[in-house]
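Dear colleague,

Please find below the structure that I am handing over to you. A summary of the findings follows it.

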Amino acid sequence: MSPQGVRHKAFQVGGALISLGVTGALLAILRRGRGDLRGVAYWAWCPAVAVEAVNNAHVDVLGTLLAVVGLGLVASRAAGRRAGGGLLLGAAVATKLLPAIVLPGALSGVRRVRDAAVVLLPAAAFTALSYLPYVLLSHGSVLGYLGGYVQEEGYEDPASGSRYSLLRLVLPDSWAFPVLLVVVAGVCVHVMWRGDPRRPWSGALTVVGWSFVLLTPGYSWYALLLIALVALDGRREWLGVALAGAAVYVLAPVFDHAAALSNVAYGAAGALVLAVALLRRRTSAAAGQGLPSPVRGGDGRRRP
């Protein structure tokens, strides 16, 4: 308990310390994997971290810390470290359910059931055991306001809000959620089959990013997890998705048509990701053929 009169300052100090912990974890993981340490600036200098993790003290920052460290351990070849990573991922899910969507990334490139079990069983066990006391004491109401939140935010009835807005541009409202499940499941399968087990955060970023684009959430603090994954992976184009969430959260009360705003913000963010991915693929193909790339000339210097 915090001292009387402190009010929310204790939570803000906690958020600041946890944010620094995320920065340290990112540095440690990238240094061990010989990654680009400059990517940590995407987290450390991001205004969303100062606003949402510190000023607004959202618990999402704790889930982000646990998910980042968990993914860092899962990248190891040692079964013990991978199991420890699974435990931390379970702790992240127990903190807030959102980090569950990094689990497919944690299974990047996994081919054997026992290798998947090393990560999934500790994660499931930790989550279940952490919820057990609440299940016993709350008589089944352990999920609290989750059902009300799903209904209030329009996830249950797409026609009532701006959720799934991009899908609803081309599909009937009743199709939006089933199609989202199919698409996200396809992304998860692709990540688990084609992903790099040495970089599970890369697959996690892909799953989290496309889930956000298709869900079109209206709260900017959800993006803390995505920003940390960008810092690990380096694909900075995904920061546009975080910016889209912030734009929807700040501007939606001003505009009458929240769905239209969501379409513009998340549509632009998704288009940016696809455009950069296409350019990156063309660059890689050109480099493989020994041709000047669309980004760099044959002498390696950038072209105007």
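**Findings**

Tyr-249 is partly exposed, with a relative accessible area of 36%; buried here means under 20% relative accessible area, exposed over 50% and partly exposed in between, with a 1.4 Å probe and protein chains only.

Please note that this is a predicted model, in which local features need pLDDT of at least 70 and side-chain atom pairs count only at pLDDT 80 or more, while totals for chains, interfaces and linings use all residues. Residues are numbered from 1 along each chain as its sequence is written, and side-chain values use heavy atoms, with hydrogens and water left out.

A search of the whole structure gives seven aromatic pairs. Rings of Phe, Tyr and Trp (its six-membered ring) pair if their centres lie within 6.5 Å; planes under 30 degrees apart count as stacked, over 60 as edge-to-face and the rest as tilted. The ring centres of Tyr-249 and Trp-221 are 5.3 Å apart and the planes stand at 80°, so this pair is edge-to-face. Because Trp-221 lies in the loop between helix H11 (200–215) and helix H12 (223–233), and Tyr-249 in helix H13 (residues 239–251), the pair ties together parts that are 28 residues apart in sequence. Helices (H or I, at least four residues) and strands (E, at least two) are DSSP runs, numbered from the N terminus. Trp-221 is buried, at a relative accessible area of 12%.

Helix H14 (residues 258–288) has 31 residues and reaches 45 Å from its first C-alpha to its last, close to the 45 Å expected at 1.5 Å a residue; the expected span is 1.5 Å times one less than the number of residues. Its buried residues, including Leu-261, Tyr-266 and Val-273, pack against helix H9 (165–170), H11 and H13.

Ser-19, in helix H1 (residues 9–32), is buried at 6% relative accessibility. Leaving aside residues up to four places away in sequence, Ser-19 touches Trp-43, Val-49, Ala-53, Val-54 and Val-61, where contact means heavy atoms within 4.5 Å.

As to confidence, the mean pLDDT of the chain is 88, and 89% of its residues reach 70 or more; pLDDT is the predictor's confidence in each residue, from 0 to 100. Over residues 293–304, pLDDT stays under 50. Where pLDDT is low, the predicted coordinates should not be read in detail.

With kind regards
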